[in-house]
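Dear colleague,

I am passing on the structure that we spoke about, with some notes to read beside it. Please keep it open while you go through them.

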Amino acid sequence: MTRIIPPDVTQPATAPNDPRLGRILGRSLAAGEEPDAVILGFPCDEGIRRNGGRVGAAGGPSAIRAALYQLAPDARSERFEHRLGRTRDLGDIEMSGVMESDQQHLGEVVAPYIRTGRFVVVLGGGHETSYGHFLGYVLAQRRVEILNWDAHPDVRDPAGDRGHSGSPFRQAVEHGSNACRRYSVAGLQPHLAAREHVAYVERHGRVIWRDDVTLERIAQLYRSADDPTMASFDLDTVNEAEAPGVSAPNSGGLTSDLWIEAAYQAGRSAGVASVDVVELNPVFDRDGQTARLAAVTVWWLLRGWSERR
């Protein structure tokens, strides 16, 4: 049975009239009551090591939580605060040290929530997180569309039978279950994408280049999202001036306003069943800047989800 380690985050010391997410998350749930949404961490960066990247993303879930718990709810929306109260932070998957087993364990935990229509937010970890996330759909026996916000295609070949942070979506597309209906990548940088990898994505879905990402295109992508869609948010999509603490910093990436809009629209979209936020590397972060961006990304995902009926 997969063990989940409860979140260990210092709660913000605030006055009763100054509530923060750390004290709001899950407070409306009775003991044993099922949440409407869950947050789950996957503190793994073995895939980054295998892919030749700079390790440190295993500390991502903890750093995201530390920043997320300090955020205030939106004073403009009582509904948001109510739905936060019905959102449970489950904690982190306990790592075994065998990445493939840990990915399977992530899928096993995610699957029942997907099957019952709960909104799922997974905190990575490297981008190998997304393959474990995808396995949740395999185990739930649901075919899924994948939309990856990323500067890279992440469809490299696995090294033998060993996946890594650059291969999760090829592994998903080629999984024997045929559970991946379509794979698309948005925010792709031309100087980071091999021709063969671009062609692979185009055979299985869509490529939206970084220069083609506008507010209207973001809205269009979610209007056309099938149900269910799994959205993945790789923080290296964002310009490195705003997101220095990632495994592969990106010059000329998306601005944070476009990134946050993409997160908000993902949350609002009825077709988006689950999301992951990956590749935060606290080892290389500057004054917690990228961790705060990751936390705000989760905030806007949940803010958008709170508007669903």
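The model is a predicted one, in which local features need pLDDT of at least 70 and side-chain atom pairs count only at pLDDT 80 or more, whereas totals for chains, interfaces and linings use all residues. Residues are numbered from 1 along each chain as its sequence is written, and side-chain values use heavy atoms, with hydrogens and water left out.

Helices (H or I, at least four residues) and strands (E, at least two) are DSSP runs numbered from the N terminus, and two strands are said to pair if DSSP finds at least two bridges between them. On that basis there is an open sheet of nine strands with mixed pairing, in the order 1-3-2-4-9-8-5-6-7. Its edges are strand 1 (4-5) and strand 7 (207-209), each of which pairs on one side only. Helix 8 (residues 195-204) packs on the sheet and touches strand 6 (180-188) and strand 7, its direction making about 135 degrees with that of strand 6; contact here means heavy atoms within 4.5 Å, and the axes are lines fitted to C-alpha atoms, for helices over the stretch in contact, with angles running from 0 to 180 degrees between N-to-C directions.

Strand 3 (residues 87-93) is largely enclosed by the rest of the structure, because six of its seven residues are buried, that is, under 20% relative accessible area, with exposed being over 50% and partly exposed in between (1.4 Å probe, protein chains only). Strand 3 pairs with strand 1 in the antiparallel sense over two bridges, with Ile-93 as the bridge partner of Ile-4, and runs parallel to strand 2 (residues 37-42), to which five bridges join it; there Val-38 stands opposite Arg-88. Strand 4 (residues 119-124) and strand 9 (residues 272-278) are also parallel, joined by four bridges, and Val-121 stands opposite Val-275.

Arg-83, in helix 4 (residues 78-84), is buried yet has no salt bridge, the nearest side chain of opposite charge being that of Asp-36 at 4.2 Å. A salt bridge is a side-chain nitrogen of Lys or Arg within 4 Å of a carboxyl oxygen of Asp or Glu, and for charge Lys and Arg count as positive and Asp and Glu as negative, with His and the chain ends not counted. The side chain of Arg-83 does reach the backbone oxygen of Trp-305 at 3.3 Å. Not counting residues up to four places away in sequence, Arg-83 touches Asp-36, Trp-305, Ser-306 and Arg-308.

Glu-240 lies in the loop between strand 8 (229-234) and helix 10 (256-268) and is partly exposed, at a relative accessible area of 31%. Beyond its neighbours within four places in sequence, Glu-240 is in contact with Pro-249, Asn-250, Ser-251 and Arg-286, while its C-alpha atom is separated by 7.6 Å from that of Gly-252, 12 residues apart along the chain.

As for the backbone, the peptide bond joining Gly-124 and Gly-125 is cis, with omega about 20 degrees, as is the bond from Asp-227 to Pro-228, with omega near 5 degrees. Asp-154, although not a glycine, has a positive phi of about 55 degrees, and at 10% relative accessibility counts as buried. Asn-178 also has a positive phi, near 60 degrees, but is partly exposed at 45%.

With best wishes

Key
A polar contact is a pair of N or O atoms within 3.5 Å; within protein, one must be able to donate a hydrogen and the other to accept it, and residues adjacent in sequence count only if both atoms are side-chain atoms.
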